[in-house]
Amino acid sequence: MMDFMKKTLLTEYINRPEYVGAICIEDTVPDIYPPEIYGFDMLLILVTETDTPLHETMHVMNGKLSVQVHKVSTWSMERWLVDGENRTIIQWLIQGEILQDHKSYLHQLRDRIIKFENPLREQRMLAEFTQFLRSYLQAKQFMRLNHEMDAYQRIIESLGHWAGIVLIEEGLHPEVSVWNQVHDINLGVYKLYEELTVSQETVGQRVELLLLACEFSVMSKMKECCSLLLRILSSRQDPWSTNDLVELPELNHVRDDLPLLLQRMVKRSLVREVEVLQSESLELDTALFAEVRYAAV
């Protein structure tokens with residue numbers, strides 16, 4: 001019956017010209033598609049070849065069989081691959097059954113994930129570090145404001161990204177069950193997670209301990225984690241404006257946090273600021289001001 005459902009769905013969808021491939025996962029594989037969470041007999045991912053974001057979901061039935069259908073663009077697939085924000089669908093891509101694959105796009109994408117080589121690995125590391133940095137600094141801010149529970153939530157997020165950095169260093173993609181992965185890779189980071197969640201100390205004391213650990217252990221990895229950005233900054237003699245950098249496809253996945261990242265790298269003496277005089281007409285007067293651009297040290 002399940003094979004008949006697959007053929008029916010393929011006839012319905014995959015022969016349309018906009019689809020380049022399809023991936024199927026049955027609820028008989030509970031480690032990646034647990035029925036108690038999703039409640040469907042089968043998952044079908046339909047991939048369209050577009051350079052714009054697309055992720056639509058719908059539910060269909062054939063008799064007693066129910067299917068969850070995801071329509072995803074190649075743009076979205078590529079974005080999730082480098083920013084790591086949809087780990088579930090990446091895991092489905094690795095372990096699911098490829099039913100159709102025009103132009104071998106899905107097989108090539110799966111191969112890139114499994115090999116996890118540069119430039120993908122560098123992009124993924126930069127994204128993980130950027131997300132770590134944002135949540136870590138938010139935790140510090142909340143502690144200054146005495147918002148201990150908000151700080152606690154942010155420090156848990158930053159510790160999760162720390163775990164992601166550890167895994168990427170080992171050539172592994174962070175999965176949904178990241179702490180199960182880290183337990184066998186870096187017991188020290190895992191113990192910090194345990195200390196944060198089960199310690200008898202106050203919430204504030206636990207957060208302060210982790211802030212110190214993050215500062216000394218992860219911030220020291222900034223140069224290594226930001227190697228992609230540093231290489232871009234070194235690729236030409238002229239300094240880069242933030243507009244120049246955010247337009248680069250290699251940095252598109254961190255564009256929103258790029259100003260924050262650059263400022264922290266300046267403070268770590270990894271990047272230098274260069275003032276460039278500009279002339280701009282401001283209503284009735286003409287003012288001279290210096291635009292700040294960035295270059296590698």
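**Loops, sheet and helix packing**

Me: Where is the place of Pro-119?
Reply: Pro-119 sits in the loop between H5 and H6. Helices (H or I, at least four residues) and strands (E, at least two) are DSSP runs, numbered from the N terminus.

Me: What am I looking at, and how are residues numbered?
Reply: This is a predicted model, where local features need pLDDT of at least 70, side-chain atom pairs count only at pLDDT 80 or more, and totals for chains, interfaces and linings use all residues. Residues are numbered from 1 along each chain as its sequence is written, and side-chain values use heavy atoms, with hydrogens and water left out.

Me: Back to Pro-119. Is the peptide bond from Asn-118 cis or trans?
Reply: The bond from Asn-118 to Pro-119 is cis, and its omega is near 10 degrees. Most peptide bonds are trans, and most residues other than glycine have a negative phi.

Me: What's the phi of Lys-103?
Reply: Positive, about 70 degrees, although Lys-103 is not a glycine. Lys-103 lies in the loop between S5 and H5.

Me: Now the sheet. What's the strand order?
Reply: S3-S4-S2-S1-S5, an open sheet of five strands with mixed pairing. Two strands pair if DSSP finds at least two bridges between them.

Me: Which are the edge strands?
Reply: S3 and S5 (97-101), each of which pairs on one side only. On average, neighbouring strands are turned by 20 degrees against each other, direction ignored. Axes are lines fitted to C-alpha atoms, for helices over the stretch in contact, and angles run from 0 to 180 degrees between N-to-C directions.

Me: Do S3 and S4 run parallel or antiparallel?
Reply: Antiparallel, with eight bridges joining S3 (residues 55-62) to S4 (residues 65-73). One partner pair is His-59 with Gln-68 in S4. The two strands form a hairpin with two residues between them, and Gly-63 in the turn has a positive phi of about 70 degrees.

Me: And S2 with S4, parallel or antiparallel?
Reply: S2 (residues 42-48) runs parallel to S4, joined by seven bridges. Met-42 stands opposite Val-67 in S4.

Me: Which strands does H3 lie across?
Reply: H3 (residues 74-83) lies across S1 (19-26), S2, S3 and S4, and runs at about 85 degrees to S4.

Me: Switching to helix pairs. How do H4 and H5 cross?
Reply: The axes of H4 (residues 87-95) and H5 (residues 105-115) come within 9 Å and cross at roughly 110 degrees. H4 and H5 are therefore roughly perpendicular. Angles under 35 degrees count as roughly parallel, over 145 as roughly antiparallel, 65 to 115 as roughly perpendicular and the rest as oblique.

Me: Which residues meet there?
Reply: Ile-90, Leu-93, Ile-94 and Gln-95 in H4 meet Leu-106, Leu-109, Arg-110 and Ile-113 in H5. Contact means heavy atoms within 4.5 Å.

Me: What about H6 and H7?
Reply: H6 (residues 120-144) and H7 (residues 148-169) pack at about 160 degrees, with axes 8 Å apart. That makes H6 roughly antiparallel to H7.

Me: Last one. How many salt bridges?
Reply: The whole structure has 14 salt bridges. Each is a side-chain nitrogen of Lys or Arg within 4 Å of a carboxyl oxygen of Asp or Glu. One of them joins Asp-111 and Lys-115 at 3.3 Å, N to O. Asp-111 and Lys-115 are four residues apart in H5, so about one helical turn separates them.
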